[in-house]
Amino acid sequence: MTVSTFTANSAANTVKDKTESKKGMVYNTKDLNLWYGETHALKNINLEIQENDVTAIIGPSGCGKSTYIKTLNRMVELTPIVKISGDIQYREKSIFDKNFKVEDLRTHVGMVFQKPNPFPKSIYENVVYGPKIHGIRDKKVLDQIVEKSLRGAAIWDEVKDRLHENAYGLSGGQQQRLCIARCLAIEPDVILMDEPTSALDPISTLKVEELVQELKKDFSIIIVTHNMQQAARISDKTAFFLNGEVIEYADTDVIFSNPTDKRTEDYITGRFG
Amino acid sequence: MTVSTFTANSAANTVKDKTESKKGMVYNTKDLNLWYGETHALKNINLEIQENDVTAIIGPSGCGKSTYIKTLNRMVELTPIVKISGDIQYREKSIFDKNFKVEDLRTHVGMVFQKPNPFPKSIYENVVYGPKIHGIRDKKVLDQIVEKSLRGAAIWDEVKDRLHENAYGLSGGQQQRLCIARCLAIEPDVILMDEPTSALDPISTLKVEELVQELKKDFSIIIVTHNMQQAARISDKTAFFLNGEVIEYADTDVIFSNPTDKRTEDYITGRFG
Amino acid sequence: ACGGGESEEEPEENAGGSDENTEEPAPADEEEALEGSVVIDGSGTVYPFMAKMAENYMTNEEENVSVEVSRAGTSAGFEKFLIEDGTDFNDASRPIKDEEIAKAGEVGFEPLELKVALDGLTVVINKENDWATELTEQQVKDIFLASSGVKNWSDVDPSFPDEPIVTMGPNENHGTYEFFFDEILEGQDLVEGVNLQQDYSTLVDLVSKDKNAIAFFGYGYYESNTDKLTAVSVDFGNGAVAPSLETIGESEEFDYSPFTRPVFTYLNPEMAKEKAQVLDFAIYAMENAATVASETGFAPIPEEEIQANIEALEGLQ
Amino acid sequence: MVAKNKQSRSVSAIFEKIMPKVLLVIAIISILTTIGIVFTLLSETIEFFKIIPFFEFFTGTVLKPLGDNAEFGVLPLLTGTIISSTIAMFVAIPIGLMTAIYLSEYASERVRRALKPILEILAGIPTIVYGFFAFTFVTPLLRAIIPSLEPTNILSPGIVMGIMIIPMVASLSEDAMSSVPYSMREGALALGATKLEVTWRVIVPAAMSGIIASFVLGISRAIGETMIVTIASGSNKNFTFDVTQSMQTMTAYIVEVTGGDAPAGSTLYYSLYAVAMTLFVFTLIMNLIAQYISRRFREEY
Amino acid sequence: MKHIDTKLVEKKMGSRLTTNTVAKNVFLAATLFGLLVLVILIYRVVADSIGWIDFEFLTNKLSTDPEKAGIMGAISGTLWLMVVVAPVTMILGVGTAIYLEEYAKKGRLQAFIQTNISNLAGVPSIVFGILGLTVFARALGLGNIVLAGGLTMSLLVLPVVVVASQEAIRAVPQFLREASYGMGATKWQTIKNVVLPAALPGILTGVILALSRAIGETAPLVVLGIPALLIPLPDGIFDKFTVMPMQIYYWTLDSALVAEYANLAAGTIVILLLVLFIMNSIAVLIRNKFQRRF
Ligand SMILES: Nc1ncnc2c1ncn2[C@@H]1O[C@H](COP(=O)(O)OP(=O)(O)OP(=O)(O)O)[C@@H](O)[C@H]1O
Ligand SMILES: Nc1ncnc2c1ncn2[C@@H]1O[C@H](COP(=O)(O)OP(=O)(O)OP(=O)(O)O)[C@@H](O)[C@H]1O
Ligand SMILES: [Mg+2]
Ligand SMILES: [Mg+2]
Ligand SMILES: O=P([O-])([O-])[O-]
């Protein structure tokens, strides 16, 4: 499997992974720039993200990983001072298009956050929140969704007897899997994960990692992680960010065994970050 | 110069520095144990601290350095859950003695904190705070104290024209030297310093370090520091704390060139902490 | 406060009895200036009279005396008057009752009755009401009596509209209520649902906003609101008489006299003996009663009654 | 020179000893105030119940405190109080809550910082001013819509009380909603929810205890409000549920009876205390409920 | 098996977004409603008072003649009332706050006092009036003088000062206390020299807010029995007095007798609102100026 790697300095080019053209492309980022007020947080990002891949985004703190992933579902715009140029296409439609409602985008693209953030409601209510706002009222259908999503998030067995208890009674790891289930319940196409395991203990982390491997069969997953080992273990592709730029984007094995850029190598071997 | 070093495991013994008996002893800590509620923060501490020495206390975060130094002027008791056993003698009087008022102890033993903490008052008012609460009202005397203390803290020239401006207008390093001046104004016998430079920039740090060297002529100084180089540079003796125990206590050159305990060596060479 | 240059000029209220120049603060006679306070409570009807009197006294007579006037209502005022260390005066829009005199005796004084002016109980209706501007005495009573069965205007007179009458009046705190209830209705039950209010301003407002309203209160409250209310002319047998300062009067010569009542202030003589300023104010008030009465919507009482009162007061000295 | 200065030690030692005691005594004054309130109210209330049986007072529908055949039934005042407070809450709860939602969820930081202090002016306007506003502006306005409305009625002061309470409900609810962590909003938005759905199905339920506590405090405030009802609802002691009529609340009754300076010793005088006691107990219960709710149901996000 | 029909979701999206927009505007309207009322209210009193507020209105004594009447008596009564309320609430309120924050051990007594203060904050002002009438005016025999009114008002606004002072004291960083203790200061010296000065802006803000509450209160003074006509100005705290809200109350009631009294009442309202507005602005200024100095 040959992969054309990419360094950010030749920013105008777009990464193309020709060998896997059988897979569709979910996201295509073109010349994306983003500012928080005066801070230039993302610089000339060009990235193509493939269907049913786990794409890891790594890089030192403050390099723009969260900003980028939040741009993909336009959550970043909740910060009022954000300015964006360039384009991101999701399934060949510009996400910044006037006719493409952010709410629609976010129904297609689920997100899991760093700190588990279940709603202060019952487990059941957490899972059905999405389907309900999208208009599903039928109790039977909702029950099915709950079971399917909780199974999908590998937490069904642990909670099936206490579906109507408050989600805050769960452990941190369980809460995070519940958040994943909540995200699965809206049957997204892509799942964004921003350091989903950094607030979890090692055992919970392992469970979530296994889950990600499981989920990639049905979903495209983009995951931000601080943990190099994690990226190596679970991802197909890895993008290395530094100071708001994509330094290198390639198959994970390539990045970890044979990085093109000196800075990637330095980072991976722990020389900074 | 021979020094008997000490490891905490033989906790019942007390460190004695026989070669320097010409110097008086300011503090003698005997079998000190301290608990924060259930947390056993200091374990069987035995330490003798000499007059006109700079004694450095080093050790990894959470090892009990601050706790120990705050016990020396009984500030630690401001935390209500603290329990103490054992004894500390200051100039041969137990500091826990009913007849020895904490306020008196603290007039003999000044303290400088990690974060500069001047009062939100003028520079002048900061320095005279101590003398005033001890009943000195005479303006002339106070003026003298202010000049002497600020000179002593090597900050007189920088502030002599703005004595009545608010201390918050000073830079961090100046604030810290002001705090030292404030402490000198009560003419203490011992000065305790808890990481006095950790919030300062390198240049300010240097100034404070020089100042400490200067002050040791007149005062006994006990200084907590995270910075091994600093301990090596300015102290005469060094105590290495780990998990609430004194692992090693000896002349600074000995500790840094020829530590007895494996853990001391590991710490000094940066293998943990 | 905003009267332009006029407020600088000599106030005309000065006409009341004493002849000193107001610009000189010290009273002309040799007696030393009085000080201390005079506490007056009681009738809301009498309040404007007493307030004016107090103000004149303080500006023209005794600058250092503080006359304070409240107006809890005649009955409520008596409750504060008939106690140990109670008020000095109690204004009343009805004569004191026997049980009230008895109560005063228990406390240890005999209230001195000072009649100060005459008031005409005025029946008022809404400006838009053009049918009931003249009523007979009996019709007025029927409107307020439970026993008459009158509910609608048409019950009073078939030519009146067939709409419910909205009856109102001051509540039981007030002497006006008691005068109307005891003297005019002779103690018979009031009609069901009569709207009894504590504040006269509320009553004025209520009547001015309700076409079918009818209410009663002292003439002064009507006189100040002729633009908002119509006063009913009452036929006591010799043709309808509109209340006015001229028609209100106690003797038979006056046309409105059946609805006329004297208003009083009651003095605690013990207080007058104890506090010179109380007596001084009492005498001042009697001397100036006639003038202030006409300024505040009351008819004056005959000169000889005033003289009798003054003599009684001077007897206390 | 310093350490030897012992003479002031003794002075400061005395202060050191007595200040905690002095301060304790001061702190206890607040308790004494409560005890004072309860004691003054209770002792005269007991006198009252010696004259008027407890049962008669709380079931009597006629209140005619003066005149020859006085009757003391508190029900007209209770209904007046409850109805006016209910009307007030019908105004204050929806508008207050919507204001809170707007400020906390929709308004930009700048707008929020401009609007909030202006709204708080509403809470600071003396109630006497509101009273005349109700009587001279709101009532005539309402009468244009409801011709059968009496010129003094309970509806208009009820509405104006509600307006007065809006800032209280808005401010406390907004505090509760703002303290819901931002991650809750992110979680819901990321599922494709609109702002309204986030607010209504996540933020409001999460902040519910604080919001309800603000309602209860608002009710308590309405029950205790005096001048607005005194002025705009007249002094009719009607026992009715018709909001277009004049009614008297417990507070307005107290104002009427004390008028200038209530006469000591009469049944009327004692009735003042019995009514005040009832009022006090009512508001106390409300306050305790509010405290209970915000303590018991404090969310642990 | 798909439960969520993407087409359907997209179709519904339009109406959901419309609902959101409508709701947003409704919420905005609700917010503006309060402001609208404020504007109307202020407009009306200002319109009624135009031509009536001038220097003489502020400096003249009370009179039954509307052309001559002024509110000097009410203003000086208000000032004398503050002479009682300010120090009393300051001492009681700050003292209680210091006790609760610095001395009281977290326990029953502390919790009891705290609960008690929250409850006092909810007691209707008219009940405080009855307390004042019974205790200060009658039992202590003070009558309806400034001192009695002031003490009544002080108890009424006490919780405001206590809570504000507690917050201010709590916000004083521990390191300032440590610095003071470290120099041998006693606890009281530390409180007096370090904690209170640092907490002063917060305390002052609370006191000003409490005073502005006291200035606007009517009900307790109605119960205490303020005379309707009182011309002499009070000379001290043992004199009878009247205040602006009482003057507003009486003038409006008496506008049935003299129509111009309504204008005088409106004028007094404008002055009162102005005073309250200034006090609140000062409180806000203090709060903003001294916020986060540490
Ligand atoms: N709301 C904001 N306002 C201003 N600047 C911001 C904001 N959020 C992030 N930034 C800046 O944007 C840059 C990128 O931040 P981002 O959170 O994307 O980094 P990150 O790679 O996710 O870091 P971490 O690993 O610490 O989460 C940083 O310099 C940060 O300071
Ligand atoms: N107020 C407290 N309550 C409970 N435990 C405390 C408290 N202060 C310190 N500890 C615990 O006591 C132990 C020693 O703390 P201490 O602050 O003395 O460490 P340190 O050596 O000064 O660390 P650092 O270098 O981070 O300042 C730690 O385990 C700490 O968690
Ligand atoms: Mg991040
Ligand atoms: Mg430390
Ligand atoms: O206020 P009254 O004159 O009717 O008692």
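Biologist: Which residues line the second largest cavity?

Modeller: A cavity is a set of points, on a 1 Å grid over the protein atoms alone, where a 1.4 Å probe fits but cannot get out, and lining residues have an atom within 4 Å of a point. Here the lining consists of D:L103, D:K116, D:L119, D:E120, D:P167, D:A170 and D:S171. This is a predicted model, in which local features need pLDDT of at least 70, side-chain atom pairs count only at pLDDT 80 or more, and totals for chains, interfaces and linings use all residues. Residues are numbered from 1 along each chain as its sequence is written, chains are lettered from A and ligands numbered from 1 in the order in which they are written, and side-chain values use heavy atoms, without hydrogens and water.

Biologist: Which elements of chain D each supply at least two residues of that lining?

Modeller: Helices (H or I, at least four residues) and strands (E, at least two) are DSSP runs, numbered from the N terminus. In chain D the elements are α4 (109–124) and α6 (155–178). The second largest cavity holds about 50 Å³ of space, a volume being the space filled by probe spheres set on grid points joined across faces, edges and corners.

Biologist: How many cavities of 30 Å³ or more does the search find?

Modeller: The whole structure has eight. Two or more residues come from each of α7 (200–209) of chain C, α11 (250–258) of chain D and α10 (244–253) of chain E.

Biologist: What is the strand order of the open sheet in chain B?

Modeller: Two strands pair if DSSP finds at least two bridges between them. The six strands of this sheet run β6-β7-β8-β3-β9-β10, with mixed pairing. At the edges are β6 (109–112) and β10 (245–251) of chain B; each has a single partner strand, so one side of each lacks a neighbour in the sheet. From one strand to the next the twist averages 15°, with angles running from 0 to 180 degrees between N-to-C directions and axes fitted to C-alpha atoms, for helices over the stretch in contact.

Biologist: In which sense do β3 and β8 of chain B pair?

Modeller: β3 (residues 54–58) and β8 (residues 220–224) of chain B are parallel, over four bridges. B:V54 has B:I221 as its bridge partner in β8(B). Helix α1 (residues 65–72) of chain B packs on the sheet, touching β3, β6, β7 (190–194), β8 and β9 (237–242) of chain B, and its direction makes about 155° with that of β7(B). Contact means heavy atoms within 4.5 Å. Helix α7 (residues 202–215) of chain B also packs on the sheet, touching β3, β7 and β8 of chain B, at about 160° to β7(B).

Definitions and conventions: On a 1 Å grid over the protein atoms alone, a cavity is a set of points where a 1.4 Å probe fits but cannot get out, and a pocket is an open set with protein on both sides within 12 Å along at least five of seven lines; lining residues have an atom within 4 Å of a point.
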